[in-house]
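Visitor: I would like to learn how to read the features of a structure like this one. Could you take me through it step by step?

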Amino acid sequence: MKWKKFRLKTTTEAEDIVSSMLAELGIEGVQIEDRIPLTAEDKEQMFVDILPDIGDDDGTAYLTFYLDMDDDTKKILSEVARELDDMKSFIDLGECTIEESETEDIDWVNNWKKYFHQFYIDDILVIPSWEEVKAEDAGKLVIHIDPGTAFGTGMHETTQLCIRALKKYVKKGDIVLDIGCGSGILGMLALKFGAAYSVGTDLDPCAITATHENMEENGIDKDKYEVMTGNIIDDKEVREQAGYDRYDIVLANILADVLVPLTPVVLAHMKPGALYITSGIIDDKEQTVVEAVKKAGLEVVEVNHQGEWVSVVAKKN
């Protein structure tokens with residue numbers, strides 16, 4: 001369906017109170033654009049270790065909201081204008097102009113699917129759930145994947161680095177912990193490679209749903225895995241649920257800035273001799289992660305590269 005799009009120019013000082021006002025008027029899903037630098041907490045929610053250059057914060061913010069074509073936009077905009085006039089007496093709203101446009105009729109949730117088609121990672125065929133396996137691919141290791149809104153189709157170099165390391169090191173009967181499991185692709189492949197059990201954690205509830213759906217799509221029984229929402233770094237409940245001294249392999253395809261505080265924490269969850277397979281590391285952060293791994297008392301086994309991305313594999317002595 002089509003929507004009317006409105007882009008309100010204001011200040012970063014006022015963005016929160018203006019977005020709250022819009023919500024009180026029944027306008028939901030306000031998009032905020034500004035140049036305020038990301039906090040450490042913000043970065044922990046990101047999935048890749050490279051961010052666009054947003055420039056310096058100039059104090060300007062844009063709030064975008066959408067109205068249904070059938071809404072009484074004249075009435076709603078009049079209410080917005082009245083509220084903004086009242087706010088001007090106690091806060092700087094800046095330019096306070098509103099641009100109007102019309103969106104295309106696009107299914108934003110599913111539109112990305114046209115770019116995701118089956119592909120190989122070495123001898124593993126990764127195929128979206130809406131495509132069929134070709135006759136010539138019958139008999140190969142096939143993974144059906146639909147990430148939904150979670151990270152992890154297997155197309156990204158960081159995921160491929162983890163998959164290759166996992167295939168190289170996983171042994172029959174291993175118990176695997178996947179921190180930041182996303183679509184569940186790494187835990188799923190660990191089980192396909194011979195692991196006995198997989199545990200996944202993620203901050204995003206969508207990842208939990210995606211993992212359950214993908215495990216089911218690939219015929220993996222529910223007694224072979226579990227997933228949980230939360231931050232294993234500082235959430236005691238998640239750490240206890242995951243279990244201590246339990247894992248033969250710990251996977252973490254996350255930001256380098258998250259791997260640094262994560263690394264000393266995961267030691268308590270690893271068995272002696274367990275492997276720690278990391279990726280999500282942009283090349284200029286390689287040494288940062290290697291030093292964090294060594295500082296935690298782990299032995300670096302190998303460092304691998306693909307494009308500008310890095311994977312560090314380490315061992316608990």
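Guide: Let us begin with a term we shall need: a residue counts as buried when its relative accessible area is under 20%. Please keep in mind that this is a predicted model.

Visitor: Is phenylalanine 6 buried or exposed, then?

Guide: Phenylalanine 6 has a relative accessibility of 0%, and therefore counts as buried. Phenylalanine 65 is likewise buried, with a relative accessible area of 0%.

Visitor: How is a pair of aromatic rings described?

Guide: A pair of aromatic rings is described by the distance of the centres and the angle of the planes. This structure holds 1 aromatic pair, formed by phenylalanine 6 and phenylalanine 65, which are stacked with 5.4 Å from centre to centre and 20 degrees between the planes. Because phenylalanine 6 belongs to strand S1 (residues 3-11) and phenylalanine 65 to strand S3 (residues 60-68), the pair ties together parts that are 59 residues apart in sequence.

Visitor: What sits over the ring of tyrosine 62?

Guide: That is the charged end of arginine 7, which lies 3.8 Å from the centre of the tyrosine 62 ring.

Visitor: Where is histidine 269 placed, and what does its side chain make a polar contact with?

Guide: Histidine 269 is found in the loop between helix H8 (256-266) and strand S12 (270-282), and with 0% relative accessibility this loop residue counts as buried. Its side chain makes a polar contact of 3.1 Å with the side chain of arginine 239. If we leave aside neighbours within four places in sequence, the residues in contact with histidine 269 include Leu177, Ile232, Arg239 and Tyr247.

Technical notes. Residues are numbered from 1 along each chain as its sequence is written. This is a predicted model: local features need pLDDT of at least 70, side-chain atom pairs count only at pLDDT 80 or more; totals for chains, interfaces and linings use all residues. Side-chain values use heavy atoms; hydrogens and water are left out. Rings of Phe, Tyr and Trp (its six-membered ring) pair if their centres lie within 6.5 Å; planes under 30 degrees apart count as stacked, over 60 as edge-to-face and the rest as tilted. Helices (H or I, at least four residues) and strands (E, at least two) are DSSP runs, numbered from the N terminus. Buried means under 20% relative accessible area, exposed over 50%, partly exposed in between (1.4 Å probe, protein chains only). A charge sits over a ring if NZ of Lys or CZ of Arg is within 6 Å of the ring centre and within 35 degrees of the ring normal. A polar contact is a pair of N or O atoms within 3.5 Å; within protein, one must be able to donate a hydrogen and the other to accept it, and residues adjacent in sequence count only if both atoms are side-chain atoms. Contact means heavy atoms within 4.5 Å.
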